[in-house]
Amino acid sequence: MNAQTKGREGGYNCVVCIKQVPDTKKVTGEAMKPDGTINRAALPAIFNPEDQNALEAALRVKELYGGTVTAIAMGLPAACAILREALMCGADKAYLVTDRKAAGSDTLATSYILSCAVKKLNPDLVFCGRQAIDGDTAQTGPQIAEKLDFAAITYLEDIEMDGDHAIATRDIGTGVEKDRVKLPALFTVTEKFGELRPYEVRRVMKYKKAMAPVENGGVALEGDLAIGQLSCDDIGAEADRCGFAGSPTNVNKIVSVVLAGGDYKEVAPTDEGVGALVSELIADHTIG
Amino acid sequence: MLEDRTKGEVWVFAEQEEGKLSDVPRELLGKGRELAERLGVRLGAVLIGGEGVGAKLSSQLFEAGADVVHLIEDPALEVFRGKAYRHSFVELIKECSPQIVIFGATHMGRDLAPAVASALKCGLTADCTDLQIGDYTDKKCTCEDGSAKVVKDVLLQIRPAFGGNIIATIVNPYNWPQMATVREGVMKPLDPQPGRTGELVRHAAKLEGVEIPVEVLEIVRRHSSINLKGARIIVAGGAGVGSKENFKLLHDLADALGGAVGGSRAAVDLGYCEHERQIGQTGVTVRPALFISCGISGAVQHLAGMQDSAKIIAINTDKDAPIFKVAHYGIVGDLNVVIPKMIKAIKQKG
């Protein structure tokens, strides 16, 4: 990305949707209960990796073309932790969307709730991570765009601005495509975009004190230390489209992956052992 | 609109680029055939593209198992653009009321399917590894006699979640069509039946007055020489290989066997091999005749992408590594010692 392309006066209002997720890479020993189910409490809650790339995309647009960056997270009050991280990295404003009515939302209901929140902020550009590591669906971003009738660009790798358009480079699986996209537009961002910049020390000192009212006995902090808090009513989300009521998919069954096996044929790591194995594979036409 | 939605067809999205089908539509038709026969309905392939795409590809779709090809041709649909494809597809679903629509979990499928589901306000399950037809007992909803309500013959959408540590079965019994994306390489295509034919139905794109906010400026195709999905033999390495230099040993073994080289996520993250070689839930799914696993401990997400291989040989210094649980042959030892012995034996005997 370079700044040779033109931005526009006033820059761009960027919104980034971020999610707090259990670190599924750390599912090992102590994170599994004796019955084979996952002990979520034993897993650290982290800033979803590709949402960090999405934040980086928004921060780069702001850096090169001016404007603002607002981070939104939907979830429990604990999700304020990643909103603070976003502020420490350079986001100007953060909002937590939290509501009991949102519990049990599948991607359709989640994208509906987030689209209501995004709409209130009237953005030019919306950035989401391609997918979250707990569900790996990659559905929420494109669904927010559909609901807002924004252009949707998935698998974003690079972006430049040109007035009321973005020039987006995206991975299409079989190659790379360059698009000219009319704003407002939503982008889902992959790790190829580049890592999120480190915290700024000055901002860490300041924003570690940022809080949403729910963390502070219902009282909003003064000034820019306030993390905004939005309920479904605040964003005009209809109750029957949120949470369980607004989710067409149902989980019918969950089975933990338990590896049975173990009855393999042992082969000695010697010339004889390996030689006999190769002979066996040749004899049954697996090789040769 | 169909009155009785259970009579609706089973559809697969026959994605094409530059007038060519990848393996994905054939894989989907293989599974779609099974679902349609179980339900006693027709199997449709939805083909969307520029002028002439129907003449070029319909016969291939019939030979791969489709009973009907629903064709939408329009110059505005020449290259994939999410909003245009979504709009035409949504109109087609409203017109024909299919009961099931499945897409490949490709870049295109994962762009289009969520937008279609969002527009129709129906459910969508991502990245399924299996699809079945079965009954769903809705415990939240009871009949007059107090028993739980049973919905017959719904699509059971089976997928790994939580980093591959659990397998979930998802249903969307009420908001139809039932939609899912399916992982590449997981479903088996049918053997092509030359001369098999079916009904070709043309539909209008219905794009009048629809503003498309995206202009495609340029497409640069990647022509990767790495073809893991098509390989009969795969030699794959993990963190235990230790270095990029040691990975050359795996290439030597693959060369001796006429196979391809793959890697676990750890090997890719450590820079031992290219991203295109990644095998597992977030990489490619493979089922070769022979899979030789070298220095891979066997995280669930990796096993999800290779455990259906016909024969698995695991080489690892740790006898307790989970990879041995899916292996047919296990060699507890140092791959730097074992692989040269293997190459030597192949050269002597092969």
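This is a predicted model: local features need pLDDT of at least 70, side-chain atom pairs count only at pLDDT 80 or more; totals for chains, interfaces and linings use all residues.
Axes here are lines fitted to C-alpha atoms, for helices over the stretch in contact, and angles run from 0 to 180 degrees between N-to-C directions. Residues are numbered from 1 along each chain as its sequence is written, and chains are lettered from A in the order in which they are written.

Q: Is helix 4 of chain A parallel or oblique to helix 4 of chain B?
A: Helices are DSSP runs of H or I with at least four residues, numbered from the N terminus. The axes of helix 4 of chain A and helix 4 (residues 107-120) of chain B come within 8 Å and cross at roughly 45 degrees. Angles under 35 degrees count as roughly parallel, over 145 as roughly antiparallel, 65 to 115 as roughly perpendicular and the rest as oblique. Therefore helix 4 of chain A is, relative to helix 4 of chain B, oblique.

Q: In which sense do strand 13 of chain A and strand 18 of chain B pair?
A: Strands are DSSP runs of E with at least two residues, and two of them pair if DSSP finds at least two bridges between them. Glu266(A) stands opposite Gly330(B) in strand 18 of chain B. Strand 13 of chain A and strand 18 (residues 329-332) of chain B pair over two bridges, and the sense is parallel.

Q: How many residues of chain B are in contact with chain A?
A: Contact requires C-beta atoms, placed from the backbone, within 7 Å. Chain B averages a pLDDT of 92, and the model scores ipTM 0.89. Chain A contributes 65 residues, and the number in chain B is 71.

Methods:
Two residues are in contact if their C-beta atoms, placed from the backbone, lie within 7 Å. pLDDT is the predictor's confidence in each residue, from 0 to 100.
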